[in-house]
Every structure is written in structure tokens, then in C-alpha cells.
Amino acid sequence: MNDAENGTVFHHPQYPTSDQQQQGYKGTGGGVSRFITPGGNPVDTSNPAFPIYHRRFGNPSPLGLLGFGATTFILSMYNIRTRNITHPNVVLGMALGYGGLVQLIAGIQEWACGNTFAATAFSSYGGFWLSYGTLYIPFFEVSAAYGSTAEFASAVGIYLAAWAIVTMIFFIATLKSSIALSSLFFFLAVTFWLLCAGELASSVNCTKAGGAFGILTAGIAAYTALAGLLTKDTSHFKIPVGELSRGKPNE
């Protein structure tokens with residue numbers, strides 16, 4: 001703290017000076033060992049069984065992208081009628097777990113990291129997969145509430161149209177990010193609109209086309225996730241994502 005009269009700076013014996021922060025520090029006061037962590041705070045090892053750390057956050061984006069991409073891939077394979085599969089029910093486990101819960105957790109982690117866009121996107125699509133799962137889980141009786149299959153299909157079409165609009169908003173927000181991320185949301189919007197048309201028009205061809213674009217979207221998500229995993233600390237090489245920003249990052 002500062003002495004208001006003479007400007008003298010005092011340092012607590014257990015906490016580091018600016019020089020000690022760069023070199024590492026071990027205090028002796030009270031018998032408590034303290035070292036400076038990557039986050040710039042002391043590590044409290046007074047209780048070895050439960051040490052208190054303050055670390056930098058990792059990058060949650062690859063987790064969110066893989067959760068979204070893998071689930072989208074499975075559903076899209078069903079939409080193109082792979083091996084004559086016409087019911088999407090097997091994807092429910094992925095929708096509730098990996099695409100839903102895990103992606104929602106990634107979104108919460110992004111909030112903590114200060115990334116508003118990623119937090120909003122991952123949390124939104126985590127909610128999408130959770131809500132999508134309820135459409136086909138008998139317990140919720142969503143489909144049973146409709147008088148006919150055509151009426152249920154129309155309702156699902158409107159549901160998909162809403163998500164297409166949400167995705168277009170995200171696409172606009174990526175125009176200063178990277179080609180990979182912008183492409184992801186562009187093709188995802190196309191996927192939603194085609195699936196929407198397939199439900200509203202009862203068109204198998206539109207649904208299959210939506211499935212094809214969904215597979216493309218899943219591939220882009222996997223590529224973007226890999227780009228986030230291949231850091232200079234963990235990989236011998238990196239892959240490009242196509243930088244779109246202009247000028248300084250804070251402009």
C-alpha cells in the first residue's frame with residue numbers, strides 16, 4: 001500500500017513485488033509457501049491436500065465446436081437417409097449430452113473468459129440441441145400433442161426457421177473474425193433453411209440437401225476446432241483460419 005505523506009510503497013512479506021512476480025517467489029511469513037501462478041496470484045499450499053491455485057483459463061472454443069460439429073454430423077447423416085435411416089431418435093443422446101450439455105458448459109466458460117460472441121453462440125446452440133431432443137422424447141409428448149404428422153412437421157418447420165434467423169445474426173457478427181468461422185455460420189444458416197423447407201413442404205429432397213450442407217458445416221466446425229487445439233505450445237504446426245479483421249484488434 002502507499003504512504004500518502006511520503007509516497008513510500010510497502011509490500012506484504014507474503015506477497016510479491018513486481019520483480020518477484022517475474023522470477024517466482026516464496027514467502028516465509030507464518031510458514032506458508034507461496035509461489036506466483038500463471039495468473040499472477042499466489043499459490044496457497046498451506047494445505048497440501050487442497051492447494052489453492054489461480055490459473056489462466058484454457059480455450060473452451062474447441063470443446064464447443066466439437067460438441068456442435070459431432071452432433072450435427074450424426075443428425076445430417078440421418079437427414080440424407082444414410083443406410084435408409086429415417087428417424088433421428090438415436091441422435092438424442094448426443095443432442096442432450098455432447099451437443100447440449102457440454103456445449104452449454106463451453107458457453108459458460110466463454111463468459112468467464114470474456115468472449116461474448118462465443119459465449120452467446122455456444123450457449124444458444126447448446127440450448128438448441130437440448131430443445132431439439134425434447135421434440136422426440138416421448139416423455140415430453142411434443143409430437144403427440146399434434147393432430148397429424150403434417151401439423152407436427154409444420155411446427156418443426158417454424159422451429160427451424162427461428163434457428164435459421166438466429167444463425168444469420170451470428171453470421172453477420174462473424175464478418176470481422178475469420179473465413180472459417182464465417183463459413184461455419186453461413187452454411188449452418190443454409191442448412192437450417194433447407195431443413196425448414198423440407199418440413200414445411202414435405203420435401204425429402206430439401207431435407208437431404210439440408211443434410212448435405214449439415215455435413216459440410218460439421219466438417220468446418222471440426223476444422224475450426226482443430227485450429228484452436230493446434231497452439232504453438234502443443235503442436236509442431238498450425239492450420240490457417242483466414243483472418244478477416246482489419247487494422248488493430250481494438251479498432
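Mentor: For a pair of axes, angles under 35 degrees count as roughly parallel, over 145 as roughly antiparallel, 65 to 115 as roughly perpendicular and the rest as oblique. The axes are lines fitted to C-alpha atoms, for helices over the stretch in contact, and angles run from 0 to 180 degrees between N-to-C directions. Helices (H or I, at least four residues) and strands (E, at least two) are DSSP runs, numbered from the N terminus. This is a predicted model, in which local features need pLDDT of at least 70 and side-chain atom pairs count only at pLDDT 80 or more, while totals for chains, interfaces and linings use all residues. Residues are numbered from 1 along each chain as its sequence is written, and side-chain values use heavy atoms, with hydrogens and water left out.

Trainee: How are helices H4 and H5 oriented relative to each other?

Mentor: The axes of H4 (residues 116–136) and H5 (residues 149–173) cross at roughly 170° and come within 11 Å. The two helices are therefore roughly antiparallel.

Trainee: Which residues of H4 and H5 meet?

Mentor: Contact means heavy atoms within 4.5 Å. On the H4 side the residues include Phe 117, Tyr 125, Phe 128 and Tyr 132, and on the H5 side they include Phe 152, Tyr 159, Trp 163 and Phe 170. The residues of this contact comprise 12 nonpolar, four polar and no charged. In this scheme Ala, Val, Leu, Ile, Met, Phe, Trp, Tyr, Cys and Pro count as nonpolar, Asp, Glu, Lys and Arg as charged, and the others, Gly among them, as polar.

Trainee: How many helices and strands does the protein have, and what pattern does it follow?

Mentor: There are seven helices and two strands, and along the sequence they follow the pattern α-β-β-α-α-α-α-α-α.

Trainee: Where does UniProt place the feature "transmembrane region"?

Mentor: UniProt positions are given in the numbering used here, feature names are shortened, and annotations may be inferred rather than shown by experiment. The unreviewed UniProt entry places this feature at residues 61–78, 90–111, 117–140, 152–173, 179–197 and 209–230. In the model, residues 61–78 are 100% helix and 0% strand, with their end C-alpha atoms 26 Å apart. Residues 117–140 are 83% helix and 0% strand, and their end C-alpha atoms lie 31 Å apart.

Trainee: Is Thr 72 buried or exposed?

Mentor: Buried means under 20% relative accessible area, exposed over 50%, and partly exposed in between (1.4 Å probe, protein chains only). Thr 72, which lies in helix H2 (residues 61–79), has 6% relative accessibility and therefore counts as buried. Leaving aside neighbours within four places in sequence, Thr 72 is in contact with Trp 129, Gly 214 and Ala 218. Of the 251 residues in the protein, 36% are buried.

Trainee: What is the phi of Arg 83?

Mentor: Phi of Arg 83 is near 50°, a positive value in a residue other than glycine. Arg 83 belongs to the loop between H2 and helix H3 (92–113), and is exposed at 76% relative accessible area. Phi of Ser 202 is likewise near 50°; Ser 202 sits in the loop between helix H6 (179–200) and H7 and counts as exposed at 61% relative accessibility.
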